Amino acid sequence: MADAPEEPETPASNADPVTERALGVLETEHADSVVASEMTGAHPWIQVKAEGLADLMRTLRDHDDTQLDCCHLITGVDYPGKGKDVGEIEVLYHLCSYAKREDAAYFKRAEKNDPWVAIKVRVPRDAPNVPTVMEVWTGADWHERETYDLVGVRFTGRPDLRRILLPEDWPGHPLRKDWETPASYHGIPIIAPEDL
Amino acid sequence: MPDAPQPGAAVNPWDDDPELRQNVILTKIDWVKDWGRRHALWPMAFGLACCAMEMMATAATKYDLDRFGAGVFRASPRQSDLMIVAGTVTHKMAPRVRRLWDQMPDPKYSIAMGACTVGGGPYVKYGYHVVQGVDQVIPVDIYLPGCPPRPEALIDAIRKLQFRILERGGNTLPEDETGVGAA
Amino acid sequence: MSDAGHTPGGGDVAERDVYTGAGEPAPSPSSVHERQELVGRDLRTEELVLNIGPQHPATHGVLRVVIKTDGEFVRELEPHVGNLHRCAEKIGESVPYYQWLPYVDRMDYLAAMCNEHVAAMAIEKLGGVEVPERAEYCRVIIAEVQRILSHLMAIGVYGLDLGAFTPFLHQFRERERGMDLLDHISGGRLLYHYIQIGGVKRDFSREWLDELDAWLASVERRLPEYNTLLLNNRVFQQRTAHIGLINEETAKRWGVTGPGLRAAGVDWDLRRDVPYSVYDRFEFEVPCGESGIAGELGDCFNRHWIRVREVEESLKIIRQALAQMPEGPTMAKMPKSFKAPKGEIYVRGENPRGELGVYIVSDGKPTAYRIRCRGPSFSNIAVITEVARGTMIADLVALIGSQDIVLGEVDR
């Protein structure tokens, strides 16, 4: 973008310019959605609330400062709690921008030079409901289905949330940390890793 | 020419006509059938995973499986008599493998190509979705280890299968011997 | 699936534009009907559910596609994947980093070296491992050799999909020699585990480099031959030009990467735009879709043509890397049991099929806490749910073939 603001060079700070810019957009447009953020290090991220996620993502896609027009990857990570704490599931969106290719600020990063933005959402493990972003990026469709299939995140507001990789009647979500290998599936025995 | 037969003696052309003895082969129909089968295996083009690439390489230019009479890859199970299970069989795929096997006309043979089909291969321990050996789904004649096996190994497996067909005839491994349940 | 009835008007390419509506926003069933009116008003058709795969030569493995047809037209389509789900992510959580790399090979088994390269980069970045410079050059050279092999396969098999058997046999001549090269350096023909955390397994020998030179020359010499057989073949052009359009907007929306994205006119290649390893030291072009020989932006023909041109660019990169290659060790000093510090990382790289992304969460143990891989084919095949609507069944085969998917990577 020709009218993109010049990012001042600050060699002292290791902050990631792309994530910083996305955070700036979010703080002006969705100020109460941002929960936490990490600007330095190899993997900067912004954590946001699950409510209104689709609107927030649409802002990130359409805003002139970010223009994140590609949803690269959706990941679910299971963090089981200890004792009474049920734990959380983190859903991570890696977004990137083709439109910003000419933008020099995108290619000046401290630790890495790969201009993606990571948006995190954390939801309780017993009610892992995350609004869908399918209408923002259609390609999120299959990624969401896979995250549901393997980690068990329920994406709300979208049609057709079915398993994609595993068979329909597969027990549980294998990438949950407390998932146990079934003894057999349709009469074919599965030897558990402990017994091998 | 042999002498004229003595009057009253039994006529035995087998003993008396050496030319006949040179032109007749005594054998069993079954042996001839197996001999023919052995040299005209029609494998099914059934690529599941990585090993399928090596199966293609075996059939292609350099290794030329046609030299061994097994290069006519058919796309339909109904036209083929050899199933080369080339690649990892998963629990989602297992019923389909079984169904394809059932669709093949008798006599039929199978080669478990690659470590995954032999016993789960590298996925045996943590690969929850991988069937730990295709012999739990279909009967297997030849086990071919390797990840993936080289084309030379696949050619060797097919040669071994050809010898087995001649030795045992028909279906080399009747299904009731293997104790395989339906998938 | 014959070609008969493919050009109902018996017309040429220009006339067929009427029938292919793919690439526009998904046509509603009614517009399919409208188009059908052009075929013939007297022809009555009824809906038929057709199941292609998982055992079908045109699906490149174990893809299953359920299509609802209306005569010769695809009205609705749903790909079913997962028949090759081999739990690479779960295994990543269960085995040490060193042991996980061979599983990465098996995800995209036609581009194992490129996979290893990206995965090793991710783990090295996470663990703060410095890779010797010579090893980086070895990696780039070997990854580009792999890219040529993968594209040769894609070119040959695409011909096979469209009914031309000869190019397949021809490309296997070069491919076998290339596989021998990788065999000599790593010990495996298809899956290598040559690129390891901290460097590469062994250095190139003088003899190997001579072999490589000879092979590069033969690929360069033979490429025009493939183009005569396929690219410039009028039948091939008619089967692929203006077919299976994935325009820029659709490609970005679905996350299509690699040749599919570039064919749509997006000038984007991670090797040039976000250079990783030592790719920033080489001069090469990024081929983009154009309507030069035949076809238009984003059609099957352009995707094929981009692969052909990428082979040429890879040759350039390999030659430059060979000339620049410094002396030195090819393996960093690595501890016997490698532990990555706490943290997370996301690294992506340009594979022959698109962008492979590897996301790793480490909690300081020898095994990862969570590993997630983005297989480019996963998004590249998802897009056909939209673009295949309204095409003809025979064109669906051309479309799936031009996406050049590897199911091991779709399902991981």
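Please keep in mind that the model is a predicted one.

I will start with chain A. Chain A holds an open sheet of five strands, and the pairing in that sheet is mixed. Going across, the order is β1-β2-β5-β4-β3. Which strands form the edges? They are β1, residues 34–38, and β3, residues 70–80, and each of these pairs on one side only. From one strand to the next, the twist averages 20 degrees.

If you want a place to look, find A:E38, which stands opposite A:W45 in β2(A).

Two helices of chain A pack on this sheet. One is α2, residues 53–62, which touches β2, β4 and β5 of chain A. The direction of α2(A) makes about 25 degrees with that of β4(A). The other is α3, residues 140–151, and α3(A) touches β3 and β4 of chain A. Between the directions of α3(A) and β3(A) the angle is about 15 degrees.

That brings me to the interface of chain A and chain C. Here 46 residues of chain A are in contact with 44 residues of chain C. The buried area comes to about 3,900 Å², with carbon and sulfur atoms giving 57% of it. On the chain A side, the residues that lose the most area are A:H72, A:Y98 and A:W142, which together make up 21% of what that side buries.

What about charged pairs? Six salt bridges are found across the interface of chain A and chain C. One of the salt bridges joins C:E344 to A:K120, where the closest N and O atoms are 2.7 Å apart. The same interface has 15 residue pairs in polar contact. Three residues of chain C, namely C:Q55, C:R86 and C:R189, supply 21% of the area that chain C buries against chain B, more than any other three residues.

Three salt bridges are found across the interface of chain C and chain B. Among them is the one between C:D180 and B:K62, with the closest N and O atoms 2.8 Å apart. There are also 11 residue pairs in polar contact across the interface of chain C and chain B.

Now one residue on the chain B side, B:R96. This residue lies in helix α5 of chain B, residues 94–103. Leaving aside neighbours within four places in sequence, B:R96 is in contact with C:P54, C:R64 and C:N83. Is B:R96 buried, exposed or partly exposed? Its relative accessible area is 27%, and because that value falls between 20% and 50%, B:R96 counts as partly exposed. Within chain B, the C-alpha atoms of B:R96 and B:V137 are separated by 9.8 Å, with the two residues 41 places apart along the chain.

Last, the backbone details. In chain B, the peptide bond from B:C147 to B:P148 is cis, with omega near -10 degrees. B:P148 sits in the loop between β4 (142–144) and α7 (151–168) of chain B.

In chain C, C:H242 is a residue other than glycine with a positive phi, near 65 degrees. C:H242 is placed in the loop between α9 (234–240) and α10 (248–254) of chain C. Its relative accessibility is 16%, which is under 20%, so C:H242 counts as buried. C:S277 likewise has a positive phi, near 50 degrees, and is not a glycine. The loop that holds C:S277 runs between α12 (270–273) and α13 (300–324) of chain C.

Methods. Residues numbered from 1 in each chain as written. Chains lettered and ligands numbered in written order. Predicted model: local features only at pLDDT ≥ 70, side-chain atom pairs only at ≥ 80, totals over all residues. Heavy atoms only, no water. Pairing = 2+ DSSP bridges. Helix = DSSP H or I, 4+ residues; strand = E, 2+ residues; numbered from the N terminus. Axes fitted to C-alpha atoms, helices over the stretch in contact; angles between N-to-C directions. Contact = heavy atoms within 4.5 Å. Buried < 20%, exposed > 50% of the residue type's maximum accessible area, 1.4 Å probe, protein only. Buried area = accessible area lost by both parts, 1.4 Å probe. Salt bridge = Lys/Arg side-chain N within 4 Å of Asp/Glu carboxyl O. Polar contact = N/O pair within 3.5 Å; in protein donor to acceptor, adjacent residues only side chain to side chain.
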